[in-house]
Amino acid sequence: MSQGIQKRLGELLVRENLISLQQLNRARDEAAKSGQPLAAALAKLGYTSETEITKFLSQQYRVPAVNLDEFEIDPDVVKLIPKEVCEKHKIIPLSRAGAQIVVAMADPTNLHAQDDIKFLTGLTVEPVVAGEGAILAAIEKNYTVQGPSYDDVMAGFDENEIQVSDYEDDIDVNSLEKASEDAPVVRLVNMILLNAIKKGASDIHIEPYEKKFRVRYRVDGVLQEEMSPPLKLKNAIASRLKIMSSLDISERRLPQDGRIKLKLGQGREMDFRVSVLPTLWGEKIVMRLLDKSNLQLDMTKLGFDQKPLDDFKWAIHQPWGMTLVTGPTGSGKTTTLYSALAELNKASENISTAEDPVEFNLMGINQVQMHDEIGLNFAAALRSFLRQDPDIIMVGEIRDFETAEISVKAALTGHMVLSTLHTNDAPATISRLLNMGVEPFLICASVNLVLAQRLARKVCRDCTAPFEYDLKILRELGASDDAINAARGKTAKGTGCKTCNNTGYKGRVALYEVMRFSDPLKELVLQGSSSAELKAAAIKHGMISLRMAGISKILNGTTTPEEVGRVTMAD
């Protein structure tokens, strides 16, 4: 909207008692601060909605209002006005009748826009009013070159072309290979892969069941159903993906692992780590997306608070010892370790890593892929590393006593060792090592620091709105009354929009629990104290627990109580 109508709009809304003068001034401040139009700022603050403002403008200027979500825009009319003009004036053409063109406008009094349209098209402009957000969404939808939809892909496909036998073993491999190369199958598989990239998915799940075949994406750590192709396509799609992954399509009884590399233009590459698992109703395929361009190696941008970051940096810059990162699968452990390696990666350091699998290739670091079937496991790789004159060693995961023992010995003989374990929090990592059979005095002598982490979904920045949570909920999580009072007006919630697929969340933030293994904690380990006693002592000495880290992220508006409750346990 032009500055003129924004000013008039505010004054008109106050005059009609739809908002107060105080609310108008606050909305103007918000609009100036965020660069949003006044209508969007009013809606964001909850004083009114874009629909109400559109209805008000319609009545005020006697111009019809339209709901663009329910309006089918003529694609031929869209070609008459360039996208740049639409974005500049916040307009979109809707339809044409003879010498008239109907145009949706956020500001129906904008004569400059009407003159531009008349000059470009030679047609008389018939303005209608619509919300600015709805217009911008319609511009994005109608001017963006869309890939084929699921319906488009399936339109040219005759399901009768592929027959599923009653017995899996009766399927002819040559027929499967031929079916997997069928154009609709190829296009459908490409669409599944590309849509996952566009939506920022971390994993794709392709799952056959008795009466259903579904595709799910894991976005920001949560699985959501994307599509349900015809059940008859399950073998053709599985074969297509296995051919792309260089796997054996004739083997349908044993698990297989492979990789797909896609080149997306502009030098961007995307790797898919493919796992095929035979299930009761066919082969389930899970693909992990590995996008090196999105790999965050700057430690300061991972979400660390200052003290935990200082402790972590202190630990990895020690001349020797162990730094352990713990958390469940998909909690960002690999990213944290890679960021530490990136910080340590200098010409003066010899760095070797044992990984299963190697997710990203890092220049200047010697990365070794594990192959258990030929005897190359973490323990064997570690033994070999110690004969390679190493300075820094990274072990993908400590799974057994042998790997733990060699890692501890390496840490005690002048090497920096980085590794991961699967435990629920930092203090439990010590108990896990003890249960593996590592002696308490060796743990105390070798471990510098333990870091536990989780990933919580962030409130979507495009639809965030101030939200006061029930005090009872915040107190149950463990927030203090002082912290709650200090955070008034800062807590937020996503209202749902196109950007976040109406979930209210977009992106993830890491929660860190960093336990520096100080002398008082070592004393407790030697005395045989439990994990609970260790945790209480660590918090007493300044450790911020995962739950406490989550609460601080709620109170500054980054995430929500539901997310923190989902990914952390009570202290």
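Mentor: Happy to! First a definition: rings of Phe, Tyr and Trp pair if their centres lie within 6.5 Å. Keep in mind that this is a predicted model.

Trainee: Which residues do ring pairs link into a cluster?
Mentor: A search of the whole structure turns up four aromatic pairs. Phe304 and Tyr512 make one of them, with 3.8 Å from centre to centre and 5° between the planes. Ring pairs join these two residues and one further Phe into a cluster, whose members are Phe304, Phe312 and Tyr512.

Trainee: How many residues apart in sequence are the parts that Phe304 and Tyr512 tie together?
Mentor: Phe304 is in the loop between β9 (282-290) and α13 (306-316), whereas Tyr512 belongs to strand β18 (residues 505-516). Phe304 is buried at a relative accessible area of 9%, and Tyr512 is buried at 5%. Because one partner is in that loop and the other in β18, the pair ties together parts whose separation in sequence is 208 residues.

Trainee: Is the pair of Tyr338 and Phe360 stacked or edge-to-face?
Mentor: Planes under 30 degrees apart count as stacked and those over 60 as edge-to-face. The ring centres of Tyr338 and Phe360 are 6.1 Å apart and their planes stand at 75°, so the pair is edge-to-face.

Trainee: Over the ring of which residue does the charged end of Arg516 sit?
Mentor: Charges over rings turn up at two places you can look at. Lys493 lies over the face of Phe467, 4.8 Å from the ring centre. The charged end of Arg516 is 3.7 Å from the centre of its ring, and that ring belongs to Trp314.

Trainee: How many of the residues of β11 are buried?
Mentor: In a regular strand the side chains alternate between the two faces of the sheet. From β11, Ile351, Thr353 and Glu355 point one way and Ser352 and Ala354 the other, and all are buried. The strand is therefore largely enclosed by the rest of the structure, and its buried count is five of five.

Trainee: Which residue is the bridge partner of Ala354 in β12?
Mentor: β11 runs parallel to strand β13 (residues 392-395), joined by four bridges, and there Ala354 stands opposite Val395. β11 also pairs with β12 in the parallel sense over four bridges. In β12, the partner of Ala354 is Val368.

Trainee: Over which residues does pLDDT stay under 50?
Mentor: The chain has a mean pLDDT of 85, with 90% of its residues at 70 or more. For one stretch with pLDDT under 50, the model has 19 contacts beyond four places in sequence, and that stretch is residues 161-171.

Conventions: Residues numbered from 1 in each chain as written. Predicted model: local features only at pLDDT ≥ 70, side-chain atom pairs only at ≥ 80, totals over all residues. Heavy atoms only, no water. Phe/Tyr/Trp six-rings, centres within 6.5 Å; stacked < 30°, edge-to-face > 60°. Helix = DSSP H or I, 4+ residues; strand = E, 2+ residues; numbered from the N terminus. Buried < 20%, exposed > 50% of the residue type's maximum accessible area, 1.4 Å probe, protein only. Lys NZ or Arg CZ within 6 Å of the ring centre and 35° of its normal. pLDDT = per-residue confidence, 0-100. Contact = heavy atoms within 4.5 Å. Pairing = 2+ DSSP bridges.
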